[in-house]
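Subject: Handover of a structural model

Dear colleague,

Please find below the structure that I am passing on to you. I would be grateful if you could read the notes that follow alongside it.

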Amino acid sequence: MPTVHLLDYVAGNVRSLVNAINQVGYEVEWVRSPSDLKNVEKLILPGVGHFGHCLSQLSNGGYLQPIKEHIASGKRFMGICVGLQALFEGSEEDSNVAGLGLIPMRMHKFKTKTKSVPHIGWNSATNTRLDTSGGQSFYGLSPSSKYYYVHSYAALYDPDVLEQDGWLVATASYGEEKFIGAIARDNIFATQFHPEKSGQAGLRTLRAFLDGTKIHLSGPEESMWAESQNGLTRRIIACLDVRTNDIGDLVVTKGDQYDVREKNDADVGGQVRNLGKPVDMAKKYYEQGADEVTFLNITSFRNCPVADLPMLEILRRTSETVFVPLTIGGGIRDTVDTDGTHISALDVATMYFKSGADKVSIGSDAVTAAEEFYEAGKVLSGRTAIETISKAYGNQAVVVSVDPKRVYVSKPEDTQHHTIKTKHSDATGQTFCWYQCTIKGGRETRDIDVCQLVQAVEAMGAGEILLNCIDKDGSNSGFDLELINHVKAAITIPVIASSGAGMPKHFEEVFDQTTTDAALGAGMFHRGEYTVDEVKHYLDTRGFLVRRFEPNI
């Protein structure tokens, strides 16, 4: 197999990129030292997280000048995400660190007033030179495809600087701002999106770069269709609760408020409900069009050596065939291995990222961290799992999973917590409630409300909230729309609506009546009542923009 060289400066999940490169027919060789670059023909610089961290790592390792020489020699270069940002002069993310300076512009944080930041999800990459009479596209990009983005900083589109200097540019829009989604000139190609996480569309782009297939023509029908379909899609996430059953096998399970055992005639807990094998089910949902797959490890496998966690193997195997983002939750905390070795939450997260995860989800420990945050007078400690992981890998890599439940009161003055006036009164007729946070899978309540929690974790560096609801879990009665709007109003980071989905209409309701950034389904998919594709088809017929199915490359 032909080879491509990858420069890894410890920048998150590179396993998925390696798997994607293998999938399109190439082997990966690693750049181990700056001197290796002299013999490299095709170089890829991937990246997630902080611009300053990336460029500082490259500078400290002695790579910046050899990278410039590689590009100047005419050899092919591809940058991904922060690898694209490295081509620019600098970034607001760290004004003290310079980029490669090949493009005389700087990266800016999104200033949209209508959208969450980070920008997370499937968006366009449409060549600015395309028109309805047909035109040039580059490296397999298609105006009818969607690509996976996850970033807070972007290069805003400026044709006077870019296209007059010979760059081919593909753009996307987020809120009121148009930014660079991909850029190419001569031997350089770079994407703000992650091709290795963009399904078949991303694999097509990777193959085109590696094969050197730079230009293709796009017909007028595709261009006209893409113009009407431009923008961020509604994100549908498939969630798999994974645990060991009574004989030690890993299974996907689901229950009513975390009770995952079958009921027998005596109404006594039976065997753990087994809905399938995690790797097989993840691949099935990917092929149905799921935009992301989330694994929630609901037993945390506390008795296993950390380096041999069963979930690590699940991630390794899943990332070989599933080319959308993977999130893993459960056990992301400081721990002690079976041999007495202390393992930090950052070290645990690093193991997951190296095994194929793109994000880690933190649950109960986030509640404890938030309580300590308020006890310290809203002062960050710098030692929490959220802070250490987001500092190393970027806030887009940290999801906080929240499990609130309703507590009804007669009037807002009866509690110090954030209340709402609800349309759904309790049995006694009370119409005010607050959302109390829980830990340990909803089994234990804490004296902190959901707004306090999400505001605290946003301050710590969380990039996304997975918003569950104890009252709705397993009910198949629809999402708690009041809860979602309550949380969305309290923070600026994206929110994933979870708990209660039982039919496609529930997804329509949550996207129509809230500003949620994504919606998650579990039991309705696991039981085969509906497929992800059926949910997307339903949304499409009702005017919601969803990611279109892509055939295999």
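Predicted model: local features only at pLDDT ≥ 70, side-chain atom pairs only at ≥ 80, totals over all residues.

Residues are numbered from 1 along each chain as its sequence is written, and side-chain values use heavy atoms, with hydrogens and water left out.

Overall make-up

The protein holds 17 helices and 32 strands; these are DSSP runs numbered from the N terminus (helices H or I, at least four residues; strands E, at least two). Of its 553 residues, 58% count as buried, where buried means under 20% relative accessible area, exposed over 50%, and partly exposed in between (1.4 Å probe, protein chains only). Contact is taken as heavy atoms within 4.5 Å. Among contacts between residues at least 6 apart in sequence, 71% join residues at least 24 apart.

Nonpolar cores

A nonpolar core is a set of buried Ala, Val, Leu, Ile, Met, Phe, Trp, Tyr and Cys residues joined through side-chain atoms within 4.5 Å. The largest one comprises 160 residues, and Ile 44 and Tyr 352 have the most contacts inside it. Helix H13 (residues 450-460) supplies the largest share of this core, seven residues. At least three residues come from each of domain 1 (3-227) and domain 2 (235-542); these bounds come from an automatic or database domain assignment. A second, separate core has nine residues, including Ile 237, Val 399, Leu 466 and Ile 496.

Which residues does Tyr 352 contact, leaving aside its neighbours within four places in sequence? They are Asn 297, Leu 309, Met 311, Leu 312, Leu 315, Ile 328, Gly 330, Ile 332, Ala 357 and Val 360.

Annotated positions

Under "active site", an unreviewed UniProt entry lists Cys 81, His 194, Glu 196, Asp 241 and Asp 403. UniProt positions are given in the numbering used here, feature names are shortened, and annotations may be inferred rather than shown by experiment.

His 194 lies in the loop between strand S14 (188-191) and helix H6 (199-211), and Glu 196 is found in the loop between S14 and H6. His 194 is buried, with a relative accessible area of 5%; Glu 196 is buried, also with a value of 5%. Their side chains are joined by a polar contact of 2.9 Å, that is, a pair of N or O atoms within 3.5 Å; within protein, one must be able to donate a hydrogen and the other to accept it, and residues adjacent in sequence count only if both atoms are side-chain atoms.

Leaving aside neighbours within four places in sequence, His 194 is in contact with Gly 47, Val 48, Ile 80, Cys 81, Tyr 148 and Val 150. With residues up to four places away in sequence not counted, Glu 196 touches Ser 16, Leu 17, Ala 20, Ile 80 and Phe 323.

Strands and sheets

Two strands pair if DSSP finds at least two bridges between them. Strand S10 (residues 147-151) has five of its five residues buried. Tyr 147, Tyr 149 and His 151 are buried on one side of S10, and Tyr 148 and Val 150 on the other. Strand S7 (residues 119-123) is joined to S10 by five bridges in the antiparallel sense, and Gly 121 has Tyr 149 as its bridge partner in S10.

S5 and strand S6 (residues 103-109) run parallel and are joined by three bridges; Ser 91 has Met 107 as its bridge partner in S6.

Lys 38 sits in the loop between strand S2 (27-30) and strand S3 (42-45), and at 67% relative accessibility it counts as exposed.

Yours sincerely
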